[in-house]
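This briefing sets out the computed features of the structure shown below.

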There are 2 protein chains.
Amino acid sequence: MNRVCDIVGIKYPIFQGAMAWIADHSLVAAVSNAGGLGIIAAGNAPVEWVEAEIKKCRQKTDKPFGVNVMLLSPYANEVAELIAKEQVAVVTTGAGNPSKYMELWQSQGIKVVPVVASVALAKRMEKYGADAVIAEGTEAGGHIGEVSTMVLIPQVVDALNIPVIAAGGIGDGRGFAASLMLGAEAVQVGTRFLLAKECTVHQNYKDKIITASDLDAVATGRSTGHPVRGIRNKMTREFLKLEKEGTPLEELEQLGSGALRAAVKDGDVINGSVMSGQIAGMLTKEQTAQEIINDYITELATISKKELINF
Amino acid sequence: MNRVCDIVGIKYPIFQGAMAWIADHSLVAAVSNAGGLGIIAAGNAPVEWVEAEIKKCRQKTDKPFGVNVMLLSPYANEVAELIAKEQVAVVTTGAGNPSKYMELWQSQGIKVVPVVASVALAKRMEKYGADAVIAEGTEAGGHIGEVSTMVLIPQVVDALNIPVIAAGGIGDGRGFAASLMLGAEAVQVGTRFLLAKECTVHQNYKDKIITASDLDAVATGRSTGHPVRGIRNKMTREFLKLEKEGTPLEELEQLGSGALRAAVKDGDVINGSVMSGQIAGMLTKEQTAQEIINDYITELATISKKELINF
């Protein structure tokens, strides 16, 4: 009995991380059809876009999928209401505290699974009635916290009764097995799904992930209090240089603005923001979402037979 | 058959991380007597101190122990020669490339185990004839790299044939099990041994570790290219503020100088550097080195029976 699979109604305890500008119905339906949980990233998109994606997703799959609400979006309220109206199976949330929407969502039978990067926020989410939490380590891509997956998961597991889904750094079946050993009951995978054939991100972006080494996914913006992880390029070098020189926050924000869209849609991987987790260094090829999920499951099955006490 | 236990001649595949100013014969002998590998931290100490510690350690244990050479120490050459002369069982190295000493050490039957934070350095170490490597994730304490344990270990394991010892973020049997799942064959634990009763670090330092939350072990100095992780206090706040203001490197270095000694020896945990890994948030009590090692082994034995495929 796996509590996450039971709560969410999926076959395999694998969530697809919601990547803004990237996780649309094409990737989401493919992941859900493969037995995982696909999640549409609402990001800063207007509510009409999110509504259209939900409808297109339903045309492609009858399996459960989720929507991620970025709480700092100017459209957060409208998207939150849309999710309730559409009775999407699962909602995940990033960038803040979703408690003001939780009653609305849960009244519609929607499962609420916030992303957290600390024990304190995880505890607050359980108190507000979250069905589970995604505890995300600093090795993840995009907006990140400071504590690593290895350290965060056991502490969140010890502090909560609801299930914990591990995110950040889970590149293959070994990371999946490690997460379960740490006490997680499921995993969320973002970066590896960038290389799903059904993922519509620009090919230049995929190529940057494929060619990245272990040291190439760097964090920018730590001095601003809002760090973001992506593949090292002209943009990250410039950003880090300006940060080091003590450049005011407003100037830094201007540099970042529109950079993700430029990389995702236009393939500008030089001046754009190629958000990625540290596992980019492990990834070498495109696969279908089904193949990716099958790899995780098959590798987990093999590794789970490993004799840990050999001394 | 555990390759690390075989190579080093220990009962349990647990190394004690070499913490400068802290890991002296008292802690080292206790860890080795408990079945792990204690390691004396030579740090910047003069060769006479290291020699005396080796002799005192031999009075307290007939088990194998190691010495860690800090390659940037002004005494690195003398310490390297002392280790050869004394035929210490194991040498670990930090802060650089130990290849120029490897032939000397190995001619004396000494096992050489460099600490690495990237795949490239790990590969170079294997090429130069290292017996194993310690791959250390960014969640570790003291001087750190950027890649997390979860992401670093599988990549180093895939790149090498020699055994990999995981370090960084291994706070209990769950982290031990996770490390083995990632492909490591042993673990190195630093921060938890700060709380060993045999560890002579100032009580104020131990108390800072015990009371730390999950978010309290912060990295300073990232903008200088030499990040250090320790418990948040007046010193780290001041350092981060100056970094953000673009303070010149020399001024920053002056602030850090002597700060570790002040915390370790004088118990100045306000202006001193309380180096620690992120697992400080998990730690709540002092134990003997034997109790710490027993906990890791007992928990691993329990967790290794866990059914990973429950879906």
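Two residues are in contact when they have heavy atoms within 4.5 Å. By this criterion, residues 24 or more positions apart supply 62% of the contacts in chain A that have a separation of 6 or more. This is a predicted model, in which local features need pLDDT of at least 70 and side-chain atom pairs pLDDT 80 or more, while totals for chains, interfaces and linings use all residues. Residues are numbered from 1 along each chain as its sequence is written, chains are lettered from A and ligands numbered from 1 in the order in which they are written, and side-chain values use heavy atoms, without hydrogens and water.

**Chain A as a whole**
- Chain A contains 14 helices and 11 strands; these are DSSP runs numbered from the N terminus, with helices (H or I) of at least four residues and strands (E) of at least two.
- Along the principal axes, the C-alpha atoms of chain A fill a box of roughly 55 × 50 × 40 Å.
- Of the 311 residues of chain A, 60% are buried (buried is under 20% relative accessible area, exposed over 50%, and partly exposed in between, with a 1.4 Å probe and protein chains only).

**Interface between chains A and B**
- The interface brings 54 residues of chain B into contact with 54 residues of chain A.
- The two chains bury about 4,500 Å² between them, 63% of it on carbon and sulfur atoms; this is the accessible area (1.4 Å probe) that two parts lose on being put together, summed over both.
- In chain B, Met150(B), Met181(B) and Phe311(B) lose the most area to chain A, together 17% of what that side buries.

**Ile54(A)**
- Ile54(A) lies in helix H3 (residues 47-60) of chain A and counts as buried because its relative accessibility is 0%.
- Beyond residues up to four places away in sequence, Ile54(A) touches Ile40(A), Phe65(A), Val67(A), Leu82(A), Glu86(A) and Val88(A).
- The C-alpha atoms of Ile54(A) and Glu86(A) are separated by 8.3 Å, although these residues are 32 residues apart along the chain.

**Asn77(A)**
- Asn77(A) belongs to helix H4 (residues 76-86) of chain A and counts as partly exposed because its relative accessibility is 42%.
- Leaving aside neighbours within four places in sequence, Asn77(A) is in contact with Lys100(A) and Tyr101(A).
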